[in-house]
Protein chains: 2
Amino acid sequence: MYEKKIPLNLNCGLDLIGEVLYGKWKIRLLWFINEGHKRPSELQRKIPDASRRVLNIQLKELEEHELITKKIYPVVPPKVEYSLTDFGKTLIPVIAALGQWGDDNEERLKTIILSLLK
Amino acid sequence: MYEKKIPLNLNCGLDLIGEVLYGKWKIRLLWFINEGHKRPSELQRKIPDASRRVLNIQLKELEEHELITKKIYPVVPPKVEYSLTDFGKTLIPVIAALGQWGDDNEERLKTIILSLLK
DNA sequence: ACAATAAGGGAAAAATTTATCCCTATGCAA
DNA sequence: TTGCATAGGGATAAATTTTTCCCTTATTGT
């Protein structure tokens with residue numbers, strides 16, 4: 001695994017939440033798991049732009065941060081299911097607020113973002 | 001400026017808000033500006049772990065995304081002040097929710113994060 | 001037999017972000 | 001007159017994150 005060279009900041013609530021949510025696909029993973037898409041292959045289909053590899057890595061980090069649990073069924077072909085922990089569930093309203101703001105301002109944001117591309 | 005090679009995702013609210021908030025110091029910048037720390041030098045003192053350079057870059061991006069405005073006073077030595085736009089102000093409750101979650105779970109998060117370092 | 005599905009890890013490359021260093025300009029204070 | 005504060009840009013290096021590619025295992029469908 002990659003070892004950080006720049007020391008962490010854990011000074012305030014924003015630092016702390018950043019430590020567990022900062023990652024390109026993490027919020028989406030939590031969201032979809034909450035919606036009931038529990039298996040890795042389902043999640044990969046829900047998030048086709050992410051590489052399989054990163055999803056695995058970020059799922060493992062979410063697990064290490066105790067936001068989700070992983071259940072491995074001893075069958076072949078393999079079956080795995082992720083679920084939110086109670087702790088992870090407390091994040092859902094926060095994530096919902098983020099998504100809501102984005103949805104509420106969809107028009108405006110799209111206009112701004114796209115106009116900056118040219 | 002750096003030109004993206006991987007196309008953007010703007011499919012849902014989470015993608016959209018990510019587009020404007022994703023950046024190591026952006027949330028902190030918005031927060032401190034909202035608290036009344038408007039000048040670049042003040043912000044740099046509030047966020048000493050960030051390099052001066054990135055703060056400038058991220059401030060510019062926040063401005064381009066219409067979350068803050070920049071006012072330049074034609075004096076020497078130069079004086080600049082940033083303020084939240086009305087649009088930017090609508091993000092404050094969302095950021096507050098993020099920080100609140102981090103604060104509410106400070107103990108637990110610190111324990112988890114630090115235990116993963118060894 | 002062969003391809004597809006399921007889950008996931010290693011290695012290396014590519015993409016992206018952040019940090020470091022140096023330079024400009026002007027007025028004020030010691 | 002040397003040094004600090006103020007604001008900020010260019011170039012380059014370093015750090016970090018994400019992608020790409022390949023490999024393994026065992027069963028089911030064609």
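Student: Which strand of chain A does Tyr73(A) lie in?
Tutor: Tyr73(A) sits in strand E1, which covers residues 68–73 of chain A. Keep in mind that this is a predicted model.

Student: OK, and is Tyr73(A) buried or exposed?
Tutor: Tyr73(A) counts as exposed, because it has 9 C-beta neighbours inside 10 Å and the cut-off for exposed is 12 or fewer.

Student: How far is Tyr73(A) from Leu84(A) in space?
Tutor: C-alpha to C-alpha they are 17 Å apart, with a separation of eleven residues in sequence.

Student: Switching to the DNA. How many residues surround DNA strand C, and which are the closest?
Tutor: There are 22 residues around DNA strand C. Ser41(A) is among the closest, and so are Lys5(B), Ile6(B), Lys24(B) and Ser51(B).

Student: Which elements supply at least two residues each to that surface?
Tutor: From chain A, helix H3 (40–46), helix H4 (52–64) and strand E2 (79–84) do, and from chain B, helix H4 (52–64) does.

Student: And how do the residues near DNA strand C divide by class?
Tutor: Ten are nonpolar, eight are charged and four are polar.

Student: New topic: how many residues of chain B are in contact with chain A?
Tutor: 32 residues of chain B, and they touch 32 residues of chain A.

Student: Which elements of chain B give two or more residues to that side?
Tutor: Helix H1 (13–21), helix H2 (26–34), helix H6 (92–104) and helix H7 (106–115) of chain B. H6(B) gives the largest share, eight residues.

Note on methods. Residues are numbered from 1 along each chain as its sequence is written. Chains are lettered from A and ligands numbered from 1 in the order in which they are written. This is a predicted model: local features need pLDDT of at least 70, side-chain atom pairs count only at pLDDT 80 or more; totals for chains, interfaces and linings use all residues. A residue is near a molecule or strand if its C-beta atom, placed from the backbone, lies within 6 Å of it. Helices (H or I, at least four residues) and strands (E, at least two) are DSSP runs, numbered from the N terminus. Ala, Val, Leu, Ile, Met, Phe, Trp, Tyr, Cys and Pro count as nonpolar, Asp, Glu, Lys and Arg as charged, and the others, Gly among them, as polar. Two residues are in contact if their C-beta atoms, placed from the backbone, lie within 7 Å. A residue is buried if 20 or more other C-beta atoms lie within 10 Å of its own, exposed if 12 or fewer, and partly exposed in between; C-beta atoms are placed from the backbone.
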